[in-house]
Structure formats: structure tokens, C-alpha cells
Amino acid sequence: MGFMDDLNDMFNKSAAAAGDMLNKGASAAGRMADSANLRFKQGEIDRRWKDACAVLGESVIEAVKADPALLSGREKIMADLDAIAKERADVADELQRIAAETEAARRAGRVKTCPECGSEVGIDAKFCMHCGYPLPIDVQPEPAAAVSTEAESGNAPAAEKTAQSEVEVTEGASSSEASDAPKAEANAASECKAE
């Protein structure tokens with residue numbers, strides 16, 4: 001029985017050691033989780049502190065501007081703050097101008113939306129500058145106003161010949177552009193892969 005007792009004792013010690021290791025691992029994981037929660041809480045407290053300081057600072061700035069006694073000796077600081085406020089307003093105006101231009105360009109048809117990522121790109125772009133998706137080339141139809149005005153002027157046979165020759169030239173150009181388009185896209189794609 002001595003051998004079995006020794007074996008049982010060794011097993012119990014191994015189980016106790018494994019349990020201790022598990023407890024230490026669990027307590028280490030608990031400490032890590034507690035530490036992460038406290039760091040998050042500290043970040044939130046720091047953010048609230050900075051927000052409160054900003055509000056206090058703005059109220060102090062207004063008080064200094066309004067009281068000549070407080071302003072005395074702080075003229076340079078106030079001038080710097082005024083310059084920063086002007087710069088901030090200029091940046092906001094520029095952002096608003098760019099947004100208005102983008103909206104106007106979209107309305108004018110000079111931009112299109114990438115079907116892959118939804119970003120706005122120029123109407124002539126072959127690839128999306130945000131995700132690299134190859135964009136289809138939009139073929140714009142020729143305006144028919146010139147042909148109809150010639151026909152309305154009473155010079156119908158000449159207008160028909162002109163219109164016929166314009167259609168032939170356009171069709172010839174379209175077919176050569178259509179045959180060159182896959183080659184150009186393949187070349188552009190291979191250049192992108194090479195880079």
C-alpha cells in the first residue's frame with residue numbers, strides 16, 4: 001500500500017499545483033480586466049476634466065475681455081487667442097466652401113459615385129482614388145441641338161448629309177475607342193499591380 005499511497009499523494013499535489021496555477025491565471029486575468037476598465041474610466045474622467053477646463057477657460061477669457069483690470073498684462077495672450085479664433089473661422093469657412101463646391105459639382109454631373117466604396121470621384125476617373133476599384137467609362141451622347149436647328153432652317157438635305165457624316169465619324173471613333181478601352185484598362189491595371 002505504500003506505493004499506492006505515494007502515487008495518490010503525488011496526484012493530489014499535482015492537482016493542487018494545477019489548481020493554484022489556474023487560480024493565479026484567473027486572478028491575473030481579473031487584474032488585467034480590472035486594469036483595462038480602470039484605464040477606460042480614467043480616460044473618461046480626463047475627457048470630462050478637459051471639457052470642464054475648456055468651459056472655464058472660455059468664461060475666463062470673456063471675463064478678461066470685459067474687465068480692463070484683468071486684461072492688463074494679458075494683451076499678447078488675448079491677441080493670440082483672437083488670431084486662433086480667426087484661423088478657426090477661416091478653416092470652417094473653407095470646409096463649407098469645399099462642401100458647397102462638391103455639391104455643385106455633383107449637381108453639374110462632374111462627379112460620380114464609386115459603386116464599390118461609395119466615395120465621390122471625378123466623372124473622368126478610371127479608378128477610384130479611395131479604394132482603387134476600376135470605374136466604367138461613361139460615354140456622353142453628342143448634343144442633338146445642332147442637327148435639329150439645321151433641319152429647322154429649311155436646309156434639310158445639307159443638314160441630313162452633315163448629320164450622317166457626324167454619325168459616321170462618331171461611330172468610327174466610338175468603335176476605335178471601344179476597342180482601345182479594354183487595352184487601356186488592362187495596361188492601367190498592370191501598372192497598378194506593378195507599383
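Reply: Start with Arg47. Its relative accessibility is 40%, so Arg47 counts as partly exposed. Buried means under 20% relative accessible area, exposed means over 50%, and partly exposed lies in between (1.4 Å probe, protein chains only). This is a predicted model, where local features need pLDDT of at least 70, side-chain atom pairs count only at pLDDT 80 or more, and totals for chains, interfaces and linings use all residues. Residues are numbered from 1 along each chain as its sequence is written, and side-chain values use heavy atoms, with hydrogens and water left out.

Me: With which residue does Arg47 form a salt bridge?

Reply: First the rule. A salt bridge is a side-chain nitrogen of Lys or Arg within 4 Å of a carboxyl oxygen of Asp or Glu. Here Arg47 pairs with Glu44, and their closest N and O atoms are 3.2 Å apart. Glu44 is partly exposed too, at 31% relative accessible area.

Me: Where do Glu44 and Arg47 lie?

Reply: Helices (H or I, at least four residues) and strands (E, at least two) are DSSP runs, numbered from the N terminus. Both residues sit in helix 1 (residues 2-66), three residues apart, or about one turn of the helix.

Me: How many salt bridges does the rule give?

Reply: The count is seven. Take Asp90 and Lys86 as another case. Their side chains meet at 3.0 Å, N to O. The two are four residues apart in helix 3, so about one helical turn separates them. Asp90 is partly exposed at 38% relative accessibility. Lys86 is exposed, with a relative accessible area of 53%. Some bridges also share partners: Glu44, Arg47 and Asp51 are joined into one network that way.

Me: Which parts of the chain does the pair Asp82 and Lys65 link?

Reply: Look at the bridge before its location. In the Asp82–Lys65 salt bridge, the closest N and O atoms are 3.8 Å apart. This pair links distant parts of the chain: Asp82 is in helix 3 (residues 75-108), Lys65 is in helix 1, and they are 17 residues apart. Asp82 is partly exposed at 43% relative accessibility. Lys65, at 42%, is also partly exposed.

Me: Now a loop residue. Is Ser119 buried or exposed?

Reply: Ser119 counts as buried, at 18% relative accessibility. It lies in the loop between strand 1 (111-113) and strand 2 (120-122).

Me: Which residues is Ser119 in contact with?

Reply: Contact means heavy atoms within 4.5 Å. Setting aside neighbours within four places in sequence, Ser119 touches Lys112, Thr113, Cys114, Cys128 and His130.
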